[in-house]
Every structure is written in C-alpha cells, then in structure tokens.
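Hi,

Here is the structure I promised to pass on. Have a look at it first, and then read my notes on the charged side chains below.

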Amino acid sequence: MRPDAIHRRWFHGRNAVPALTPSPSISFHEEGGQLPAAPETAITDWIRSIIAARGGTPGEINYIFCSDDYLHQINVEYLQHDTLTDIITFPYADFPLVSGDLFISTDRIADNAREFGEQYADELHRVMIHGILHLCGQGDKSESEASGMRELEQWALGQRPPTLLPRPS
C-alpha cells in the first residue's frame with residue numbers, strides 16, 4: 001500500500017484526534033501517545049529553523065504521537081516489519097519541500113530514554129528531528145549515513161531554544 005493511503009486512512013479516520021495546530025503546516029496529534037510538554041510555538045519554530053538550515057521549505061507536516069502497539073501495527077501492515085520502532089516517517093514530497101506524516105511511539109521514547117540515561121524531552125526531540133532529517137533527504141541505512149544522521153541530530157538538538165531544553169532533574 002502506498003504511504004499516502006495511510007495518510008488518508010489515519011488523517012481522515014474516525015480515530016484521529018487533532019490536539020494542537022500551532023500553524024497551518026506543522027501539526028500535532030495523539031493516537032494513544034503523549035504530546036510534547038513544551039510550548040508549541042517553540043517546537044514549530046525550531047523544526048522550521050532546522051528545515052530552513054537544510055535548505056528546505058516546510059509543507060504539511062503531521063506528528064502523530066502513539067503507543068507501541070499502534071506503531072507496531074503500522075510497521076507490520078505498511079512496511080512488513082514485525083518489530084518495535086520509535087518512529088516511522090511517511091514522506092509526501094521530494095526535498096526541498098518537506099512534507100509527511102511522522103508516527104512516534106512515546107512508549108519507545110520513554111523506554112529508550114531510560115535505557116540510554118537520557119531525559120525524556122531530549123530523546124523525544126531527537127526522534128522528532130530524526131524524522132525531519134529523513135524528510136530533508138538524510139538516510140541512515142548505511143554506516144556512513146547513520147553516522148551523518150547522528151551528527152545532524154546532535155547539531156539540531158544544539159539549535160533548540162532555551163524553552164525546549166529539559167530542566168535538570
């Protein structure tokens with residue numbers, strides 16, 4: 001099934017719950033996941049700044065925060081991968097237009113944050129920007145691509161405004 005079919009199924013489905021729509025081009029939704037606990041404008045401004053720095057233009061970008069079960073079902077049904085993952089990105093345009101649906105398992109984010117000794121907000125932002133970097137054309141299949149992705153993630157995390165930085169615990 002084509003990725004746009006999942007977009008139509010999810011976005012127009014009866015289970016879609018729009019939560020935050022801070023701008024016409026970047027929106028946040030929940031499907032059993034936890035929305036970011038940060039000012040929406042700060043998040044969208046940060047995402048736009050990363051897209052601009054990579055030479056792109058934001059189009060329609062939907063973040064869908066969901067559970068492990070929800071994302072696992074998408075992974076099996078649409079990608080034929082019977083594994084858990086933290087994010088699945090469905091692009092709807094070619095770079096330099098940055099447009100797509102980014103499904104994020106907040107269960108995975110919480111587990112990964114604990115496993116790697118990271119704060120939840122840092123891990124969530126890393127995964128959020130990971131999907132954007134994919135939409136900007138950055139791969140992560142080969143060893144060199146994965147290394148480049150990690151460098152870009154670290155760079156992007158360093159670009160966050162102070163309002164997005166986690167408070168020390």
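This is a predicted model: local features need pLDDT of at least 70, side-chain atom pairs count only at pLDDT 80 or more; totals for chains, interfaces and linings use all residues.

**Salt bridges in the model**

As background, side chains with opposite charges can pair when their charged atoms come close. Searching the whole structure turns up 8 salt bridges.

How accessible is the Asp45 and Arg48 pair? Asp45 has a relative accessible area of 43%, so it is partly exposed. Arg48 is partly exposed too, at 26% relative accessibility.

Now for a pair that reaches across the chain. Asp86 and Arg126 form a salt bridge through their side chains, 3.6 Å from N to O. This one links distant parts of the chain, 40 residues apart: Asp86 is in the loop between α3 (68–79) and β4 (87–91), while Arg126 belongs to helix α5 (residues 120–135). Why do both count as buried? The cut-off is under 20% relative accessible area; Asp86 comes in at 17% and Arg126 at 19%.

Helix α5 also holds Asp122, whose partner Arg160 lies in the segment after α6 (143–158), 38 residues apart, so to speak another link between distant parts of the chain. The side chains of Asp122 and Arg160 meet in a salt bridge at 2.9 Å, N to O, and both residues are buried.

Finally, which residues make up a network of salt bridges? They are Asp68, Arg108, Asp111 and Arg114.

Cheers

Conventions. Residues are numbered from 1 along each chain as its sequence is written. Side-chain values use heavy atoms; hydrogens and water are left out. A salt bridge is a side-chain nitrogen of Lys or Arg within 4 Å of a carboxyl oxygen of Asp or Glu. Buried means under 20% relative accessible area, exposed over 50%, partly exposed in between (1.4 Å probe, protein chains only). Helices (H or I, at least four residues) and strands (E, at least two) are DSSP runs, numbered from the N terminus.
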